[in-house]
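Subject: Structure handover

Hi,

Here is the structure for your files. Please open it alongside this note. My findings follow below.

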Amino acid sequence: MRPRRTKDIIILSLTALLIAGAGIEGFALQVPPAGGEEYHQRIKQAYQQMPTRIEDWVGTEHALSQGAITLLHPNVAASWEYANFVTQQRAQVLLVQCTDAREMFGHYPPACYPGQGWTMNRSEPREWKVGGIDIKGMEYEFSRSETDRQSSSIVVDDFMMLPDGSFIRDMANLRPLAFEWRFFGSGQMQMITDTSIPDEERKKIFSTLIGGYVPVIRAIQSGGSNPTK
């Protein structure tokens, strides 16, 4: 019986070492890489320098709800409503940049808007060229009944960004990468317009308004290659 007991002790000891090793490795993975704090501060500074006017569009900033802040733990989070004083058109721009890419999982048009009573009518991939940047994203159309006799519909142009300069179209493509970017995070922007605006006109509005955010976009994309790999 003695040899068997000795074998059991060895197995238990090895198991304990493996568990301890896994714990040490898990702890090591939680140590933020160098440069992360400076990177997030750089993004915040770029946003703070954003003008309130972009060409003929004048913006009014609205605070995000406390629920959204609690969900996202953002480094930067903003909602701007823009009015064009020439055409009288209106558009809304949302910007969120999280320090942990995993925090972005709950902030995604197919998840957010239906939760507010909107029905998604379509979703299509889109590509835009803004300020020399080729942006890849998605366009969504939502509608909902406001009263028994009235309804409203909107178009949401959405794209997500990673610190290495890449764009992510949707959450299915972000999820596999989120853990790797848990310290440098990810960014997301949305432009919301009424469906009454023609597509070509909407593209021009996107180019103008999102073009005003190019310094922020470049800051988000300035994190370089993934330091956790």
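Helices (H or I, at least four residues) and strands (E, at least two) are DSSP runs, numbered from the N terminus. This is a predicted model, in which local features need pLDDT of at least 70, side-chain atom pairs count only at pLDDT 80 or more, and totals for chains, interfaces and linings use all residues. Residues are numbered from 1 along each chain as its sequence is written, and side-chain values use heavy atoms, with hydrogens and water left out.

Backbone first.

E55 sits in the loop between β1 (53-54) and β2 (57-62). Its phi is positive, about 50°, although E55 is not a glycine. E55 is exposed, at 57% relative accessible area. On that scale, buried means under 20%, exposed over 50%, and partly exposed in between (1.4 Å probe, protein chains only).

Q88 also has a positive phi, near 70°, and is a residue other than glycine. Look for Q88 in the loop between β3 (74-84) and β4 (90-98). Q88 counts as exposed, with 60% relative accessibility.

Now the salt bridges.

A salt bridge here is a side-chain nitrogen of Lys or Arg within 4 Å of a carboxyl oxygen of Asp or Glu. The structure has 11 of them.

One pairs E127 with R169, at 3.2 Å from N to O. This pair links distant parts of the chain, 42 residues apart. E127 is in strand β5 (residues 119-130), while R169 is in the loop between β8 (167-168) and α5 (171-178). E127 is exposed, at 58% relative accessibility.

Helix α6 (residues 199-211) holds both R202 and D199. Their closest N and O atoms are 2.9 Å apart, in a salt bridge. How far apart are R202 and D199 along the helix? They are separated by about one helical turn, because they are three residues apart in α6. R202 is buried, at 3% relative accessibility. D199 is partly exposed, with a relative accessible area of 43%.

E200 and K203 also lie in α6, three residues apart, about one turn of the helix. They form a salt bridge too, with the closest N and O atoms 3.3 Å apart. E200 counts as exposed, at 52% relative accessibility. K203 is partly exposed, at 42% relative accessible area.

Best wishes
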